[in-house]
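User: Could you take me through how the helices and strands of this model pack together? I'd like the cut-offs as we go.

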Amino acid sequence: MAISALSALAQPTRLAAFRLLVREGPEGLPAGVLAERLAVQPATLSFHLAQLERCGLLVSQRRSRQIIYAADFAAMRGLVGFLLEDCCHGRPEICGDLLGELPADDGPGKSAPAA
């Protein structure tokens, strides 16, 4: 999961979309609003959102005629935790106590870390 998530985030439009959705919190945004705010053609953005959803960083749900996208905060915490654990090998002298500072996973939509 880490390789596909990092690869997806390496593309500027996907990174911008993910960052915007993290700031929006668990409520997310409709695809059309995302396209407008990012000044990206809807079809192009749809491709990028599908990539982020496929690698597990986004979730979507249909509400009437809209598709609402939101960051998957549990997946984001998992990716950050993996990076810290893997890179620091749990050694606090290297990374400080960053692993202990990651918020607990309260389940989908329960808490959103500040971006």
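Analyst: Contact here means heavy atoms within 4.5 Å, and helices (H or I, at least four residues) and strands (E, at least two) are DSSP runs, numbered from the N terminus. This is a predicted model, in which local features need pLDDT of at least 70 and side-chain atom pairs count only at pLDDT 80 or more, while totals for chains, interfaces and linings use all residues. Residues are numbered from 1 along each chain as its sequence is written, and side-chain values use heavy atoms, with hydrogens and water left out.

User: OK, which residues of H2 meet H3?

Analyst: From H2, Ala16, Ala17, Leu20, Leu21 and Glu24 meet Leu34, Arg37 and Leu38 in H3. By class, that contact has six nonpolar, no polar and two charged residues, where Ala, Val, Leu, Ile, Met, Phe, Trp, Tyr, Cys and Pro count as nonpolar, Asp, Glu, Lys and Arg as charged, and the others, Gly among them, as polar.

User: And at what angle do the axes of H2 and H3 cross?

Analyst: The axes of H2 (residues 12–24) and H3 (residues 31–38) cross at roughly 115° and come within 11 Å; axes are lines fitted to C-alpha atoms, for helices over the stretch in contact, and angles run from 0 to 180 degrees between N-to-C directions.

User: How do H3 and H4 pack?

Analyst: H3 packs with H4 (residues 42–54) at about 110°, the axes being 9 Å apart, and the two helices are therefore roughly perpendicular (under 35 degrees counts as roughly parallel, over 145 as roughly antiparallel, 65 to 115 as roughly perpendicular and the rest as oblique). Ala31, Leu34, Ala35 and Leu38 of H3 make this contact with Pro42, Leu45 and Leu49 of H4, a set of seven nonpolar, no polar and no charged residues.

User: Switching to the sheet, what is the strand order?

Analyst: The open sheet has three strands in the order S1-S3-S2, with antiparallel pairing, and two strands pair if DSSP finds at least two bridges between them. S1 (29–30) and S2 (58–63) are edge strands with a single partner each, so one side of each has no neighbour in the sheet. H2 packs on the sheet and touches S1, S2 and S3, its direction making about 85° with that of S3.

User: Last one: is Ala39 buried or exposed?

Analyst: Ala39 is exposed, at a relative accessible area of 72% (buried means under 20%, exposed over 50%, partly exposed in between, with a 1.4 Å probe and protein chains only). Ala39 lies in the loop between H3 and H4 and has a positive phi of about 55° although it is not a glycine.
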